[in-house]
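Please keep the sequence and the model in view while reading.

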2 protein chains.
Amino acid sequence: MKKLQPHPPISHPLLEASPELWAGVASTLRKKSYEEEDRIVSHGDMAVNLWLVLSGWVKLTRQTPDGKETIVELCTEGDVFGEAALFPESHYPYTANVVSGGTELLAIPATMIRSLVATQHTLAVRVMTLLNEHISQAQLKLEHRATMSAAQRLGCFLLRLCQVQQAEDKKTLQMPIEKHILAAYLGMKPETFSRAQQQLKPLGIAVSGQTITVNSIAKLRMFVCNSCSQSGSCDVEVAG
Amino acid sequence: MKKLQPHPPISHPLLEASPELWAGVASTLRKKSYEEEDRIVSHGDMAVNLWLVLSGWVKLTRQTPDGKETIVELCTEGDVFGEAALFPESHYPYTANVVSGGTELLAIPATMIRSLVATQHTLAVRVMTLLNEHISQAQLKLEHRATMSAAQRLGCFLLRLCQVQQAEDKKTLQMPIEKHILAAYLGMKPETFSRAQQQLKPLGIAVSGQTITVNSIAKLRMFVCNSCSQSGSCDVEVAG
(Lines give C-alpha, C1' and ligand atoms only; values in the text may rest on other atoms or scores of the structure.)
Protein backbone atom coordinates (compact mmCIF):
# COMPACT_ATOMS: atom_id res chain seq x y z
CA MET A 1 0.00 0.00 0.00
CA LYS A 2 1.43 3.38 -1.02
CA LYS A 3 0.37 6.72 0.40
CA LEU A 4 0.03 9.48 -2.14
CA GLN A 5 -0.38 13.18 -1.69
CA PRO A 6 -3.68 14.41 -3.11
CA HIS A 7 -3.75 16.19 -6.47
CA PRO A 8 -6.82 18.39 -6.10
CA PRO A 9 -9.41 18.51 -7.47
CA ILE A 10 -10.26 14.93 -6.50
CA SER A 11 -13.47 13.91 -8.21
CA HIS A 12 -16.23 12.38 -6.06
CA PRO A 13 -19.98 13.10 -5.77
CA LEU A 14 -19.74 13.88 -2.03
CA LEU A 15 -17.00 16.46 -2.66
CA GLU A 16 -18.74 17.91 -5.70
CA ALA A 17 -21.83 18.60 -3.57
CA SER A 18 -19.95 21.38 -1.73
CA PRO A 19 -16.78 22.13 -3.79
CA GLU A 20 -16.02 25.45 -2.07
CA LEU A 21 -16.23 23.76 1.33
CA TRP A 22 -13.82 20.98 0.37
CA ALA A 23 -11.39 23.31 -1.38
CA GLY A 24 -10.40 24.64 2.04
CA VAL A 25 -9.53 21.23 3.49
CA ALA A 26 -8.34 19.38 0.35
CA SER A 27 -4.68 19.60 1.31
CA THR A 28 -5.28 17.57 4.47
CA LEU A 29 -7.13 14.74 2.70
CA ARG A 30 -5.20 11.58 1.97
CA LYS A 31 -5.70 9.70 -1.30
CA LYS A 32 -4.44 6.13 -1.01
CA SER A 33 -3.69 3.43 -3.59
CA TYR A 34 -4.29 -0.23 -2.80
CA GLU A 35 -3.47 -3.63 -4.22
CA GLU A 36 -5.94 -6.51 -4.47
CA GLU A 37 -6.56 -8.25 -1.12
CA ASP A 38 -5.30 -5.30 0.94
CA ARG A 39 -7.32 -4.90 4.13
CA ILE A 40 -8.50 -1.34 4.71
CA VAL A 41 -10.29 -1.63 8.05
CA SER A 42 -11.38 -4.46 10.33
CA HIS A 43 -14.80 -5.13 11.86
CA GLY A 44 -14.79 -3.58 15.32
CA ASP A 45 -11.97 -1.09 14.70
CA MET A 46 -12.60 2.44 15.95
CA ALA A 47 -14.06 4.36 12.95
CA VAL A 48 -11.36 6.98 12.36
CA ASN A 49 -12.09 7.71 8.68
CA LEU A 50 -15.00 8.08 6.29
CA TRP A 51 -13.93 6.35 3.06
CA LEU A 52 -14.70 7.50 -0.49
CA VAL A 53 -14.04 5.11 -3.37
CA LEU A 54 -12.34 6.95 -6.26
CA SER A 55 -11.71 3.83 -8.39
CA GLY A 56 -11.66 0.03 -8.08
CA TRP A 57 -13.75 -2.29 -5.89
CA VAL A 58 -13.97 -2.85 -2.13
CA LYS A 59 -15.75 -5.72 -0.37
CA LEU A 60 -17.42 -5.15 3.02
CA THR A 61 -17.80 -8.38 5.01
CA ARG A 62 -18.92 -9.62 8.41
CA GLN A 63 -18.35 -12.86 10.26
CA THR A 64 -20.70 -14.64 12.63
CA PRO A 65 -19.45 -16.36 15.82
CA ASP A 66 -20.07 -19.75 14.13
CA GLY A 67 -17.77 -18.79 11.27
CA LYS A 68 -20.09 -17.78 8.41
CA GLU A 69 -19.02 -14.81 6.30
CA THR A 70 -21.42 -12.52 4.44
CA ILE A 71 -20.65 -9.77 1.97
CA VAL A 72 -22.59 -6.73 3.14
CA GLU A 73 -21.71 -4.55 0.14
CA LEU A 74 -19.46 -4.24 -2.91
CA CYS A 75 -18.39 -0.61 -3.25
CA THR A 76 -17.02 1.01 -6.38
CA GLU A 77 -16.33 4.47 -7.88
CA GLY A 78 -18.49 7.09 -6.21
CA ASP A 79 -19.48 4.93 -3.25
CA VAL A 80 -18.87 5.80 0.40
CA PHE A 81 -18.30 3.46 3.34
CA GLY A 82 -17.39 3.77 7.00
CA GLU A 83 -20.36 6.00 7.90
CA ALA A 84 -19.71 5.02 11.54
CA ALA A 85 -17.03 7.76 11.40
CA LEU A 86 -19.85 10.31 11.49
CA PHE A 87 -20.53 9.38 15.12
CA PRO A 88 -18.16 9.72 18.07
CA GLU A 89 -16.78 6.53 19.66
CA SER A 90 -18.18 4.36 16.86
CA HIS A 91 -16.71 1.20 15.38
CA TYR A 92 -16.74 -0.11 11.81
CA PRO A 93 -19.53 -2.72 11.53
CA TYR A 94 -17.60 -4.66 8.87
CA THR A 95 -14.20 -5.54 7.50
CA ALA A 96 -13.23 -3.80 4.23
CA ASN A 97 -10.95 -5.57 1.74
CA VAL A 98 -9.82 -4.48 -1.72
CA VAL A 99 -11.04 -6.93 -4.39
CA SER A 100 -9.61 -5.40 -7.59
CA GLY A 101 -6.32 -3.91 -8.64
CA GLY A 102 -6.09 -0.14 -9.19
CA THR A 103 -8.26 0.71 -6.21
CA GLU A 104 -7.93 4.27 -4.94
CA LEU A 105 -9.64 5.61 -1.85
CA LEU A 106 -9.91 8.94 -0.13
CA ALA A 107 -9.85 8.89 3.66
CA ILE A 108 -11.65 11.77 5.39
CA PRO A 109 -10.70 11.86 9.07
CA ALA A 110 -13.67 11.31 11.40
CA THR A 111 -12.95 14.47 13.40
CA MET A 112 -12.85 16.54 10.19
CA ILE A 113 -16.10 15.21 8.72
CA ARG A 114 -17.90 15.61 12.06
CA SER A 115 -16.77 19.18 12.50
CA LEU A 116 -17.68 20.05 8.87
CA VAL A 117 -21.13 18.47 9.26
CA ALA A 118 -21.63 20.39 12.52
CA THR A 119 -20.98 23.76 10.90
CA GLN A 120 -22.13 23.32 7.30
CA HIS A 121 -25.81 22.51 6.96
CA THR A 122 -25.52 21.86 3.21
CA LEU A 123 -23.06 19.08 3.94
CA ALA A 124 -25.24 17.70 6.75
CA VAL A 125 -28.14 17.41 4.29
CA ARG A 126 -25.86 15.79 1.70
CA VAL A 127 -24.72 13.25 4.30
CA MET A 128 -28.33 12.53 5.30
CA THR A 129 -29.20 12.01 1.63
CA LEU A 130 -26.28 9.61 1.32
CA LEU A 131 -27.40 7.64 4.40
CA ASN A 132 -30.94 7.53 3.02
CA GLU A 133 -29.62 6.18 -0.29
CA HIS A 134 -27.79 3.44 1.62
CA ILE A 135 -31.06 2.47 3.34
CA SER A 136 -32.79 2.31 -0.06
CA GLN A 137 -30.01 0.18 -1.55
CA ALA A 138 -30.07 -2.32 1.33
CA GLN A 139 -33.88 -2.51 1.26
CA LEU A 140 -33.79 -3.02 -2.51
CA LYS A 141 -31.33 -5.88 -2.16
CA LEU A 142 -33.66 -7.51 0.37
CA GLU A 143 -36.53 -7.07 -2.07
CA HIS A 144 -34.51 -8.58 -4.93
CA ARG A 145 -33.76 -11.68 -2.84
CA ALA A 146 -37.54 -12.19 -2.58
CA THR A 147 -38.78 -11.12 -6.01
CA MET A 148 -35.95 -11.91 -8.45
CA SER A 149 -34.53 -15.16 -9.81
CA ALA A 150 -30.77 -15.73 -9.57
CA ALA A 151 -30.46 -14.86 -13.30
CA GLN A 152 -32.31 -11.57 -12.74
CA ARG A 153 -30.08 -10.66 -9.77
CA LEU A 154 -26.97 -11.35 -11.87
CA GLY A 155 -28.56 -9.32 -14.70
CA CYS A 156 -29.16 -6.42 -12.29
CA PHE A 157 -25.47 -6.45 -11.29
CA LEU A 158 -24.47 -6.46 -14.99
CA LEU A 159 -26.70 -3.40 -15.53
CA ARG A 160 -24.87 -1.67 -12.66
CA LEU A 161 -21.58 -2.63 -14.36
CA CYS A 162 -22.84 -1.17 -17.66
CA GLN A 163 -23.47 2.05 -15.81
CA VAL A 164 -20.10 2.10 -14.00
CA GLN A 165 -18.25 1.24 -17.22
CA GLN A 166 -20.43 3.71 -19.17
CA ALA A 167 -21.71 1.19 -21.68
CA GLU A 168 -23.57 2.11 -24.85
CA ASP A 169 -26.40 -0.23 -25.84
CA LYS A 170 -24.11 -3.05 -26.99
CA LYS A 171 -21.09 -3.45 -24.79
CA THR A 172 -18.14 -5.57 -23.83
CA LEU A 173 -17.66 -5.42 -20.06
CA GLN A 174 -14.75 -6.54 -17.93
CA MET A 175 -15.73 -8.47 -14.79
CA PRO A 176 -13.83 -6.42 -12.20
CA ILE A 177 -13.89 -8.99 -9.39
CA GLU A 178 -13.57 -12.75 -8.92
CA LYS A 179 -16.79 -14.59 -9.80
CA HIS A 180 -16.95 -16.42 -6.47
CA ILE A 181 -16.99 -13.05 -4.68
CA LEU A 182 -19.82 -11.81 -6.90
CA ALA A 183 -21.76 -15.06 -6.37
CA ALA A 184 -21.44 -14.72 -2.58
CA TYR A 185 -22.49 -11.05 -2.75
CA LEU A 186 -25.58 -11.99 -4.77
CA GLY A 187 -26.39 -14.73 -2.23
CA MET A 188 -25.77 -17.62 -4.65
CA LYS A 189 -23.85 -20.87 -4.47
CA PRO A 190 -21.27 -21.28 -7.28
CA GLU A 191 -23.48 -23.81 -9.12
CA THR A 192 -26.47 -21.42 -8.97
CA PHE A 193 -24.24 -18.67 -10.34
CA SER A 194 -23.19 -20.90 -13.28
CA ARG A 195 -26.82 -21.74 -14.03
CA ALA A 196 -27.73 -18.03 -13.87
CA GLN A 197 -25.01 -17.28 -16.47
CA GLN A 198 -26.47 -19.99 -18.73
CA GLN A 199 -29.96 -18.57 -18.33
CA LEU A 200 -28.78 -15.15 -19.53
CA LYS A 201 -27.40 -16.56 -22.82
CA PRO A 202 -30.71 -16.42 -24.74
CA LEU A 203 -30.82 -12.68 -23.87
CA GLY A 204 -27.54 -12.14 -25.71
CA ILE A 205 -25.22 -12.18 -22.68
CA ALA A 206 -22.01 -14.10 -23.36
CA VAL A 207 -19.42 -14.70 -20.65
CA SER A 208 -15.90 -15.75 -21.59
CA GLY A 209 -13.41 -15.67 -18.73
CA GLN A 210 -13.53 -12.15 -17.28
CA THR A 211 -15.11 -10.69 -20.44
CA ILE A 212 -18.88 -10.25 -20.69
CA THR A 213 -20.64 -9.21 -23.88
CA VAL A 214 -24.07 -7.65 -23.50
CA ASN A 215 -25.76 -7.58 -26.91
CA SER A 216 -28.64 -5.38 -25.85
CA ILE A 217 -28.83 -3.48 -22.58
CA ALA A 218 -32.47 -2.68 -23.36
CA LYS A 219 -33.33 -6.40 -23.59
CA LEU A 220 -31.48 -7.15 -20.34
CA ARG A 221 -33.27 -4.30 -18.63
CA MET A 222 -36.64 -5.64 -19.75
CA PHE A 223 -35.77 -9.07 -18.30
CA VAL A 224 -34.57 -7.65 -14.95
CA CYS A 225 -36.43 -4.47 -14.10
CA ASN A 226 -39.96 -5.79 -14.43
CA SER A 227 -39.40 -7.63 -11.12
CA CYS A 228 -38.18 -4.51 -9.28
CA SER A 229 -40.26 -1.94 -7.42
CA GLN A 230 -37.80 0.82 -8.40
CA SER A 231 -38.47 0.19 -12.07
CA GLY A 232 -38.52 3.51 -13.89
CA SER A 233 -36.64 5.43 -11.18
CA CYS A 234 -33.35 3.53 -10.97
CA ASP A 235 -29.93 4.73 -12.06
CA VAL A 236 -29.19 1.58 -14.09
CA GLU A 237 -32.12 2.47 -16.33
CA VAL A 238 -30.43 5.72 -17.31
CA ALA A 239 -27.27 4.01 -18.63
CA GLY A 240 -27.02 2.89 -22.23
CA MET B 1 -59.33 6.55 11.61
CA LYS B 2 -59.75 9.15 14.33
CA LYS B 3 -57.62 12.25 14.78
CA LEU B 4 -56.68 13.02 18.34
CA GLN B 5 -55.13 16.08 19.86
CA PRO B 6 -51.75 15.34 21.46
CA HIS B 7 -51.42 15.03 25.23
CA PRO B 8 -47.80 16.06 25.76
CA PRO B 9 -45.44 14.66 26.75
CA ILE B 10 -45.66 12.03 24.01
CA SER B 11 -43.07 9.35 24.66
CA HIS B 12 -40.73 8.42 21.78
CA PRO B 13 -36.91 8.02 21.57
CA LEU B 14 -36.60 10.66 18.84
CA LEU B 15 -38.47 13.23 20.95
CA GLU B 16 -36.65 12.29 24.13
CA ALA B 17 -33.32 13.00 22.41
CA SER B 18 -34.11 16.75 22.46
CA PRO B 19 -37.06 17.24 24.85
CA GLU B 20 -36.65 21.02 25.20
CA LEU B 21 -36.66 21.36 21.40
CA TRP B 22 -39.86 19.37 20.98
CA ALA B 23 -41.60 21.07 23.90
CA GLY B 24 -41.86 24.20 21.75
CA VAL B 25 -43.58 22.48 18.84
CA ALA B 26 -45.52 19.73 20.66
CA SER B 27 -48.85 21.51 20.30
CA THR B 28 -48.64 21.36 16.50
CA LEU B 29 -47.89 17.62 16.35
CA ARG B 30 -50.75 15.30 15.50
CA LYS B 31 -51.12 11.95 17.27
CA LYS B 32 -53.36 9.62 15.28
CA SER B 33 -55.10 6.35 16.15
CA TYR B 34 -55.59 3.66 13.52
CA GLU B 35 -57.51 0.44 13.04
CA GLU B 36 -56.05 -2.74 11.54
CA GLU B 37 -55.71 -2.58 7.74
CA ASP B 38 -55.85 1.24 7.61
CA ARG B 39 -53.52 2.59 4.94
CA ILE B 40 -51.27 5.38 6.19
CA VAL B 41 -49.37 6.36 3.03
CA SER B 42 -49.00 4.94 -0.48
CA HIS B 43 -45.82 4.16 -2.41
CA GLY B 44 -45.06 7.20 -4.56
CA ASP B 45 -47.03 9.72 -2.49
CA MET B 46 -45.26 13.00 -1.77
CA ALA B 47 -43.56 12.54 1.64
CA VAL B 48 -45.38 15.14 3.74
CA ASN B 49 -44.79 13.60 7.18
CA LEU B 50 -42.12 11.77 9.15
CA TRP B 51 -43.93 9.03 11.10
CA LEU B 52 -43.17 7.89 14.65
CA VAL B 53 -44.77 4.68 15.91
CA LEU B 54 -46.07 5.17 19.47
CA SER B 55 -47.80 1.76 19.71
CA GLY B 56 -48.96 -1.11 17.49
CA TRP B 57 -47.50 -2.46 14.25
CA VAL B 58 -47.13 -1.03 10.73
CA LYS B 59 -46.15 -2.95 7.59
CA LEU B 60 -44.11 -1.22 4.87
CA THR B 61 -44.54 -2.89 1.46
CA ARG B 62 -43.56 -2.45 -2.17
CA GLN B 63 -44.90 -3.91 -5.37
CA THR B 64 -43.01 -4.81 -8.52
CA PRO B 65 -44.45 -4.16 -12.01
CA ASP B 66 -45.00 -7.93 -12.40
CA GLY B 67 -47.16 -7.97 -9.27
CA LYS B 68 -44.92 -9.33 -6.50
CA GLU B 69 -45.20 -7.73 -3.08
CA THR B 70 -42.40 -7.58 -0.52
CA ILE B 71 -42.52 -6.43 3.08
CA VAL B 72 -39.66 -3.99 3.50
CA GLU B 73 -40.10 -3.55 7.25
CA LEU B 74 -42.41 -4.20 10.20
CA CYS B 75 -42.36 -1.14 12.47
CA THR B 76 -43.44 -1.06 16.08
CA GLU B 77 -43.18 1.13 19.21
CA GLY B 78 -40.18 3.44 18.98
CA ASP B 79 -39.65 2.97 15.24
CA VAL B 80 -39.65 5.73 12.64
CA PHE B 81 -40.64 5.56 8.97
CA GLY B 82 -41.09 7.98 6.10
CA GLU B 83 -37.52 9.33 6.23
CA ALA B 84 -38.12 10.63 2.70
CA ALA B 85 -39.84 13.56 4.46
CA LEU B 86 -36.38 14.81 5.45
CA PHE B 87 -35.71 15.73 1.83
CA PRO B 88 -37.59 18.26 -0.30
CA GLU B 89 -39.73 16.94 -3.17
CA SER B 90 -39.33 13.32 -2.05
CA HIS B 91 -41.78 10.47 -2.29
CA TYR B 92 -42.47 7.56 0.06
CA PRO B 93 -40.63 4.49 -1.30
CA TYR B 94 -43.27 2.13 0.13
CA THR B 95 -46.89 1.75 1.14
CA ALA B 96 -47.56 1.74 4.91
CA ASN B 97 -50.48 -0.28 6.30
CA VAL B 98 -51.52 -0.85 9.90
CA VAL B 99 -51.35 -4.57 10.80
CA SER B 100 -52.51 -4.58 14.43
CA GLY B 101 -55.27 -2.94 16.41
CA GLY B 102 -54.40 -0.14 18.83
CA THR B 103 -51.82 1.45 16.56
CA GLU B 104 -50.95 5.04 17.36
CA LEU B 105 -48.65 7.20 15.26
CA LEU B 106 -47.26 10.68 15.51
CA ALA B 107 -46.99 12.63 12.26
CA ILE B 108 -44.26 15.27 12.13
CA PRO B 109 -44.82 17.55 9.12
CA ALA B 110 -41.96 17.42 6.59
CA THR B 111 -41.52 21.19 6.60
CA MET B 112 -41.28 21.24 10.39
CA ILE B 113 -38.71 18.42 10.69
CA ARG B 114 -36.60 19.93 7.90
CA SER B 115 -36.55 23.35 9.48
CA LEU B 116 -35.75 21.89 12.93
CA VAL B 117 -32.92 19.80 11.48
CA ALA B 118 -31.58 22.86 9.65
CA THR B 119 -31.33 24.92 12.82
CA GLN B 120 -30.67 22.37 15.57
CA HIS B 121 -27.45 20.44 15.11
CA THR B 122 -28.25 18.05 18.00
CA LEU B 123 -31.36 16.95 16.15
CA ALA B 124 -29.46 16.64 12.85
CA VAL B 125 -27.01 14.26 14.53
CA ARG B 126 -29.89 12.31 16.10
CA VAL B 127 -31.52 11.96 12.67
CA MET B 128 -28.21 10.82 11.13
CA THR B 129 -27.87 8.25 13.92
CA LEU B 130 -31.39 7.05 13.18
CA LEU B 131 -30.65 6.72 9.45
CA ASN B 132 -27.44 4.86 10.25
CA GLU B 133 -29.39 2.46 12.49
CA HIS B 134 -31.79 1.81 9.59
CA ILE B 135 -28.83 0.94 7.35
CA SER B 136 -27.53 -1.48 10.01
CA GLN B 137 -30.94 -3.11 10.41
CA ALA B 138 -31.39 -3.65 6.66
CA GLN B 139 -27.84 -4.99 6.30
CA LEU B 140 -28.40 -7.31 9.25
CA LYS B 141 -31.58 -8.68 7.68
CA LEU B 142 -29.63 -9.37 4.48
CA GLU B 143 -27.00 -11.15 6.53
CA HIS B 144 -29.61 -13.25 8.36
CA ARG B 145 -31.07 -14.42 5.05
CA ALA B 146 -27.62 -15.82 4.22
CA THR B 147 -26.41 -17.12 7.59
CA MET B 148 -29.55 -18.17 9.50
CA SER B 149 -32.00 -21.04 9.09
CA ALA B 150 -35.73 -20.25 8.91
CA ALA B 151 -36.07 -21.40 12.56
CA GLN B 152 -33.28 -19.04 13.63
CA ARG B 153 -34.88 -16.09 11.78
CA LEU B 154 -38.20 -16.81 13.47
CA GLY B 155 -36.32 -17.13 16.79
CA CYS B 156 -34.68 -13.73 16.19
CA PHE B 157 -38.11 -12.14 15.66
CA LEU B 158 -39.37 -13.76 18.88
CA LEU B 159 -36.39 -12.26 20.73
CA ARG B 160 -37.36 -8.85 19.35
CA LEU B 161 -40.90 -9.50 20.58
CA CYS B 162 -39.57 -10.44 24.05
CA GLN B 163 -37.83 -7.08 24.08
CA VAL B 164 -40.86 -5.08 22.87
CA GLN B 165 -43.16 -6.88 25.32
CA GLN B 166 -40.50 -6.57 28.06
CA ALA B 167 -40.28 -10.29 28.78
CA GLU B 168 -38.51 -11.74 31.80
CA ASP B 169 -36.62 -14.99 31.20
CA LYS B 170 -39.75 -17.15 30.91
CA LYS B 171 -42.53 -15.41 29.08
CA THR B 172 -45.89 -15.72 27.41
CA LEU B 173 -45.97 -13.51 24.33
CA GLN B 174 -48.88 -12.41 22.18
CA MET B 175 -48.28 -12.62 18.44
CA PRO B 176 -49.22 -9.06 17.46
CA ILE B 177 -49.70 -9.67 13.72
CA GLU B 178 -51.09 -12.35 11.40
CA LYS B 179 -48.67 -15.24 10.93
CA HIS B 180 -48.78 -15.03 7.12
CA ILE B 181 -47.57 -11.41 7.33
CA LEU B 182 -44.71 -12.42 9.63
CA ALA B 183 -43.80 -15.34 7.33
CA ALA B 184 -43.67 -12.99 4.31
CA TYR B 185 -41.58 -10.47 6.26
CA LEU B 186 -39.11 -13.20 7.22
CA GLY B 187 -38.94 -14.32 3.57
CA MET B 188 -40.62 -17.70 4.18
CA LYS B 189 -43.41 -19.63 2.51
CA PRO B 190 -46.22 -20.63 4.92
CA GLU B 191 -45.04 -24.28 4.97
CA THR B 192 -41.47 -23.20 5.82
CA PHE B 193 -42.88 -21.03 8.61
CA SER B 194 -44.80 -24.02 10.04
CA ARG B 195 -41.67 -26.17 9.93
CA ALA B 196 -39.67 -23.40 11.64
CA GLN B 197 -42.26 -23.33 14.47
CA GLN B 198 -41.89 -27.12 14.87
CA GLN B 199 -38.10 -26.83 14.96
CA LEU B 200 -38.30 -24.36 17.86
CA LYS B 201 -40.32 -26.78 20.03
CA PRO B 202 -37.30 -28.68 21.46
CA LEU B 203 -36.00 -25.26 22.64
CA GLY B 204 -39.10 -24.79 24.77
CA ILE B 205 -41.06 -22.55 22.38
CA ALA B 206 -44.75 -23.48 22.24
CA VAL B 207 -47.14 -21.76 19.84
CA SER B 208 -50.90 -22.02 20.41
CA GLY B 209 -52.98 -19.71 18.24
CA GLN B 210 -51.69 -16.19 18.82
CA THR B 211 -50.01 -17.15 22.14
CA ILE B 212 -46.32 -18.06 22.25
CA THR B 213 -44.62 -19.42 25.35
CA VAL B 214 -40.86 -19.01 25.54
CA ASN B 215 -39.54 -21.24 28.32
CA SER B 216 -36.03 -19.79 28.32
CA ILE B 217 -35.00 -16.62 26.51
CA ALA B 218 -31.36 -17.49 27.28
CA LYS B 219 -31.69 -20.83 25.48
CA LEU B 220 -33.39 -19.20 22.47
CA ARG B 221 -30.68 -16.56 22.34
CA MET B 222 -27.99 -19.25 22.30
CA PHE B 223 -29.72 -20.96 19.36
CA VAL B 224 -30.15 -17.73 17.36
CA CYS B 225 -27.34 -15.30 18.13
CA ASN B 226 -24.42 -17.59 17.41
CA SER B 227 -25.21 -17.16 13.70
CA CYS B 228 -25.28 -13.36 13.86
CA SER B 229 -22.36 -10.95 13.43
CA GLN B 230 -23.96 -8.52 15.92
CA SER B 231 -23.84 -11.14 18.66
CA GLY B 232 -22.93 -9.43 21.93
CA SER B 233 -23.91 -5.94 20.78
CA CYS B 234 -27.59 -6.36 19.90
CA ASP B 235 -30.59 -4.94 21.75
CA VAL B 236 -32.40 -8.29 21.90
CA GLU B 237 -29.54 -9.61 24.03
CA VAL B 238 -30.24 -7.01 26.68
CA ALA B 239 -33.87 -8.06 27.20
CA GLY B 240 -34.81 -10.72 29.73
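## Conventions

Helices (H or I, at least four residues) and strands (E, at least two) are DSSP runs, numbered from the N terminus. This is a predicted model, in which local features need pLDDT of at least 70, side-chain atom pairs count only at pLDDT 80 or more, and totals for chains, interfaces and linings use all residues. Residues are numbered from 1 along each chain as its sequence is written, chains are lettered from A and ligands numbered from 1 in the order in which they are written, and side-chain values use heavy atoms, with hydrogens and water left out.

## Two loop residues of chain A

A:Glu37 is located in the loop between β2 (30-34) and β3 (39-41) of chain A. Its phi is near 80 degrees, a positive value in a residue other than glycine. A:Glu37 is exposed, with a relative accessible area of 67%; buried means under 20% relative accessible area, exposed over 50%, and partly exposed in between (1.4 Å probe, protein chains only).

A:Glu89 belongs to the loop between β7 (80-81) and β8 (95-98) of chain A. Phi of A:Glu89 is near 60 degrees, again a positive value in a residue other than glycine. A:Glu89 is exposed, at a relative accessible area of 65%.

## Relation of the two chains

## The α4 pair

The axes of helix α4 (residues 121-147) of chain A and helix α4 (residues 121-147) of chain B come within 9 Å and cross at roughly 20 degrees (lines fitted to C-alpha atoms over the stretch in contact, with angles from 0 to 180 degrees between N-to-C directions). α4(A) is therefore roughly parallel to α4(B), a term for angles under 35 degrees.

B:Lys141 is found in helix α4 of chain B and is buried, with a relative accessible area of 16%. Not counting residues up to four places away in sequence, B:Lys141 touches A:Leu142, B:Val72, B:Glu73 and B:Tyr185, where contact means heavy atoms within 4.5 Å.

Terms used
Angles under 35 degrees count as roughly parallel, over 145 as roughly antiparallel, 65 to 115 as roughly perpendicular and the rest as oblique.
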